[in-house]
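Have the picture open while you read.

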Amino acid sequence: MNTNQQRLLFEKDKPWLAPLAGYSDLPFRLLAKKHGAHVVCTEMVSVKGLFHQNRGTQKLLATHKDDTPLVLQLFGPDAPLFEQAIPLLKERGFSFFDLNAGCSVRKVLKSGSGAALLWDVPRLISIAKSMVKSAGEHAVGIKIRLGPDESQENYLDVAKKLEDVGVAWITLHPRYAKELFSGHARWECIAKLKEHVNLPIIASGDLFTAEDGVRCITETNADTLMFARGALYNPTIFAQYNKLLNNEPIHTFTPTELSKLLIEHITLYKHFDDSPAALRRIRSFAPRYAKGFNKIKILRSQMASCETWEELLTLAHAVASLDIFIESD
Ligand SMILES: Cc1cc2nc3c(=O)[nH]c(=O)nc-3n(C[C@H](O)[C@H](O)[C@H](O)COP(=O)(O)O)c2cc1C
């Protein structure tokens with residue numbers, strides 16, 4: 001049995017990297033793993049797209065032996081498509097699947113997928129059933145929100161129904177679908193959900209720092225949590241969170257650590273895709289890690305003007321010794 005076929009472990013010191021459309025690609029997942037993520041999720045993949053030999057969709061399925069345990073997140077409105085897709089995905093080596101029932105961007109809602117399923121619970125349950133049937137026991141999770149809006153809150157009822165059809169874990173981002181990312185995540189609802197069902201519960205929502213993670217896991221008693229936006233700004237958040245759990249101190253990046261992180265991420269990107277498009281992506285992505293450093297704008301504009309991978313790597317090396325990143329503006 002390879003690691004991918006083992007059961008997932010849901011433990012407080014085993015944080016996940018959340019599904020992040022446009023970001024949780026193979027290089028970023030490997031970076032997160034290197035820095036303490038235990039389980040990593042792909043971004044949401046259209047189940048319909050899988051049948052169209054779409055190059056974009058195929059790229060989202062790229063993986064690697066170190067990219068494990070890996071959860072493939074799917075979205076779509078039709079149970080039969082899931083039943084057809086999952087056996088093919090299992091043949092390709094995927095073992096764990098998640099259903100996106102939380103994304104509330106207009107395009108996804110219009111397709112009847114993501115959080116639209118919270119308006120149509122029978123459809124959600126029938127997809128969950130099909131997924132469990134084709135993926136097997138212990139292999140399917142569902143990511144939900146609190147409900148369509150405050151007047152139609154249904155997460156406790158939905159979770160019970162999902163438990164009844166054999167879903168293995170639930171992730172809750174405790175906002176209503178209509179809220180998108182406004183307001184704040186109601187962690188108290190995660191605590192309620194944990195009391196309500198006997199499934200592993202993964203906490204999501206407003207986990208911007210390792211400190212937030214420790215507060216959330218303590219307040220909610222969730223089985224584990226997933227970092228999303230927090231990881232985009234600090235891919236070492238997973239290891240920092242585990243340190244804090246162990247009462248060990250953490251600190252913000254030194255320039256040397258920042259340089260090392262940039263080099264790691266750029267190198268991973270280049271290894272898997274050295275195209276000009278990938279260069280453009282990483283140029284805009286990497287400077288986020290320097291948030292909080294003074295003169296971050298200088299780093300951003302220097303990176304943005306790099307035309308080659310070599311230039312970008314040279315700049316990343318130089319970050320270690322450039323005092324402009326630690327002096328005040
Ligand atoms: C850029 C971005 C992309 C996201 N993509 C997905 C996705 O593909 N699937 C999904 O279930 N959630 C997605 N989410 C939601 C996150 O997984 C997470 O639940 C949400 O951001 C709340 O966590 P946070 O407040 O700690 O960021 C995305 C969020 C962001 C910011």
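## Two helices running opposite ways

Helix directions are compared from N to C, on a scale from 0 to 180 degrees, and an angle over 145 degrees counts as roughly antiparallel. Keep in mind that this is a predicted model. Now find helix H11 (255–272) and helix H14 (residues 309–319). They pack at an angle of about 160 degrees, and their axes are 7 Å apart. H11 and H14 are therefore roughly antiparallel to each other. Their crossing is left-handed.

So who touches whom? From H11, the contact uses Pro-255, Leu-258, Ser-259, Leu-262, Ile-263, Ile-266 and Lys-270. H14 brings Trp-309, Leu-312, Leu-313, Ala-316, His-317 and Val-319. Sort the residues of this contact by class and you get 10 nonpolar, two polar and one charged.

An α-helix has 3.6 residues a turn, so residues three or four places apart point the same way.

Next up are helix H8 (residues 210–220) and helix H10 (residues 237–245). Their axes come within 8 Å and cross at roughly 55 degrees, and H8 and H10 are therefore oblique to each other. The crossing of H8 past H10 is right-handed.

On the H8 side, Ala-210, Glu-211, Gly-213 and Val-214 do the touching. Their partners in H10 are Ile-237, Gln-240, Tyr-241, Leu-244 and Leu-245. By class, the contact of H8 with H10 holds six nonpolar residues, two polar and one charged.

## A helix tucked inside

Is helix H1 (residues 26–34) buried or exposed? Eight of its nine residues are buried, so H1 is largely enclosed by the rest of the structure. The buried ones are Leu-26, Pro-27, Phe-28, Arg-29, Leu-30, Leu-31, Ala-32 and Lys-33.

What do they pack against? The neighbours of the buried H1 residues are strand S1 (16–17), strand S2 (39–41), helix H9 (229–233), H10 and H11. After H1 comes Gly-36, which has a positive phi, near 105 degrees.

## Around the ligand

Finally, zoom in on the ligand. There are 21 residues around it, and Ala-18, Pro-19, Met-44, Ala-228 and Arg-229 come nearest. What is this shell made of, by class? It divides into nine nonpolar, eight polar and four charged residues.

Terms used: Residues are numbered from 1 along each chain as its sequence is written. This is a predicted model: local features need pLDDT of at least 70, side-chain atom pairs count only at pLDDT 80 or more; totals for chains, interfaces and linings use all residues. Helices (H or I, at least four residues) and strands (E, at least two) are DSSP runs, numbered from the N terminus. Angles under 35 degrees count as roughly parallel, over 145 as roughly antiparallel, 65 to 115 as roughly perpendicular and the rest as oblique. A crossing is left-handed if the near helix is turned anticlockwise from the far one by less than a right angle, and right-handed if clockwise. Two residues are in contact if their C-beta atoms, placed from the backbone, lie within 7 Å. Ala, Val, Leu, Ile, Met, Phe, Trp, Tyr, Cys and Pro count as nonpolar, Asp, Glu, Lys and Arg as charged, and the others, Gly among them, as polar. A residue is near a molecule or strand if its C-beta atom, placed from the backbone, lies within 6 Å of it. A residue is buried if 20 or more other C-beta atoms lie within 10 Å of its own, exposed if 12 or fewer, and partly exposed in between; C-beta atoms are placed from the backbone.
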